[in-house]
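Subject: Structure handover and notes

Dear colleague,

Please find the structure below, with the notes I promised to send along with it. I would be glad if you read the two side by side.

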Amino acid sequence: MAWRQYYMENRVKLCRQKLTVYSYKSMAEIKSRIPDRVEEYLRAYPFEEFGDRLIRSTLLRRFSIRPRQAEYEDCYEAGMLAYLYSIHRCADMACDYTVPYIRKMIRIYIICALVVYYDSRDLCRRNHFLEIRLDDEEETGRRY
């Protein structure tokens with residue numbers, strides 16, 4: 001399958017682009033067209049109830065990522081971006097399946113964050129290097 005091979009060769013670039021460029025451009029464009037509806041969706045689906053809870057449960061249950069792990073912050077940030085992107089997209093489409101869409105996008109964005117986070121690990125494995133992370137408590141025993 002050609003699309004799978006393309007994704008595997010370019011997954012870091014594609015995921016990084018989704019997390020840094022695509023989402024922000026899409027949200028800005030939607031917010032400029034329908035700011036009132038976006039605000040309405042933000043009030044109807046507050047982050048504390050629909051974003052934070054879904055992000056934490058996805059990280060803990062599905063990916064077994066705990067708050068003390070180094071990748072937790074990157075994944076949580078990606079989850080927040082997914083929440084905002086989902087709210088904007090649902091406001092744009094005027095959909096009634098907002099919560100399942102938020103849940104799905106959080107999972108996708110966390111996977112993208114993990115792909116980007118583990119890029120250096122994969123590079124080290126391919127080239128037989130030893131990876132050292134200063135922010136990993138398990139290896140260093142303390143935070144720098």
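Predicted model: local features only at pLDDT ≥ 70, side-chain atom pairs only at ≥ 80, totals over all residues.

Residues are numbered from 1 along each chain as its sequence is written, and side-chain values use heavy atoms, with hydrogens and water left out.

The chain holds seven helices and zero strands, where helices (H or I, at least four residues) and strands (E, at least two) are DSSP runs numbered from the N terminus. Along the principal axes, the C-alpha atoms fill a box of roughly 50 × 40 × 25 Å. Of the 144 residues, 37% are buried, a term that means under 20% relative accessible area, with exposed meaning over 50% and partly exposed in between (1.4 Å probe, protein chains only). Among contacts (heavy atoms within 4.5 Å) between residues at least 6 apart in sequence, 68% join residues at least 24 apart.

On the helix 1 side the contact includes Tyr7, Val12 and Cys15, and on the helix 5 side it includes Ile108, Tyr109 and Cys112. The residues of this contact divide into 10 nonpolar, one polar and three charged, with Ala, Val, Leu, Ile, Met, Phe, Trp, Tyr, Cys and Pro counted as nonpolar, Asp, Glu, Lys and Arg as charged, and the others, Gly among them, as polar.

A search of the whole structure finds zero disulfides, a disulfide being a pair of cysteine sulfur atoms within 2.5 Å. Cysteine 15 is in no disulfide, and the nearest cysteine sulfur, that of cysteine 112, is 3.2 Å away. Cysteine 15 is buried at a relative accessible area of 2%, and cysteine 112 is buried as well, at 6%.

The second pair is helix 3 (residues 47-62) with helix 4 (residues 72-93), where the packing angle is about 140° and the axes are 10 Å apart, so these helices are oblique to each other too. Among the residues that meet are Phe47, Ile55 and Leu59 in helix 3, and Tyr72, Met80 and Tyr83 in helix 4. This contact divides into eight nonpolar, two polar and two charged residues.

Finally, two single residues. Threonine 98, in helix 5, counts as buried at 1% relative accessibility, and, leaving aside residues up to four places away in sequence, threonine 98 touches Tyr41, Tyr45, Ile87 and Cys90. Proline 35 lies in helix 2 (residues 35-44) and is partly exposed, with a relative accessible area of 34%. The C-alpha atoms of proline 35 and aspartate 92 are separated by 9.8 Å, although these residues are 57 apart along the chain.

Definitions and conventions
Axes fitted to C-alpha atoms, helices over the stretch in contact; angles between N-to-C directions. Parallel < 35°, antiparallel > 145°, perpendicular 65-115°, else oblique.
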